Amino acid sequence: MSRHSSRGKVNAAGPAGKLAGQPASGPSQRQLRVAEEVRRVLADLFARTEFRDPELVDVRITVTEVRISPDLKHATAFVARLGRSDVETLLPALKRVAPFLRSRLSTGLRLRVAPEIHFQPDTALDYAMEVDALLRHPDVARDLD
């Protein structure tokens, strides 16, 4: 096999894949543990903190999941508003308060560096409701019987 035949390709299962931040079997136990701790602290902050941003006054935000990068420097928080589907309109306001939340995270976590927070709307519940509605449709129910 030529030395140059695999140039540019990274095998995610091998050591180069791990160095490139691409674990073969998903997030590590530490990533999962830190992500859950970030989720818990963010949920506490959203429950107890009054934000100065006018778009976030009296807004209830639920942090459903947090995914963290392998180097623990970036956290993606999936947020939702239970019973409402307008969370996407709040993303610019959440981006504005992200530095404040990061500073509060640094006091609530035992990490050397608090992760930078990115927000994404959690559409899993909307998708589940859509699938449920499709399954209840008379044509689909007839086909399932």
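**Exercise 1.** Find the residues that touch the most other members of the largest nonpolar core.

Step 1. The largest nonpolar core has 29 residues, and Leu42, Leu101 and Phe119 touch the most other members. Such a core is a set of buried Ala, Val, Leu, Ile, Met, Phe, Trp, Tyr and Cys residues joined through side-chain atoms within 4.5 Å. Buried means under 20% relative accessible area, exposed over 50%, partly exposed in between (1.4 Å probe, protein chains only).

Step 2. Two or more residues each come from helix 2 (29-48), strand 1 (62-68), strand 2 (74-80), helix 3 (91-108) and strand 3 (116-121). Helices (H or I, at least four residues) and strands (E, at least two) are DSSP runs, numbered from the N terminus.

Step 3. Helix 2 gives the most, seven residues.

Step 4. Beyond neighbours within four places in sequence, Leu101 contacts Leu42, Leu45, Phe46, Phe51, Ile117 and Phe119. Contact means heavy atoms within 4.5 Å.

The model is predicted: local features need pLDDT of at least 70, side-chain atom pairs count only at pLDDT 80 or more, and totals for chains, interfaces and linings use all residues. Residues are numbered from 1 along each chain as its sequence is written, and side-chain values use heavy atoms, leaving out hydrogens and water.

**Exercise 2.** Is Thr49 buried or exposed?

Step 1. Locate Thr49 in the loop between helix 2 and strand 1.

Step 2. Its relative accessible area is 16%, so Thr49 is buried.

**Exercise 3.** Which residues does Thr49 touch, not counting those up to four places away in sequence?

Step 1. Thr49 touches Phe100 and Arg104.
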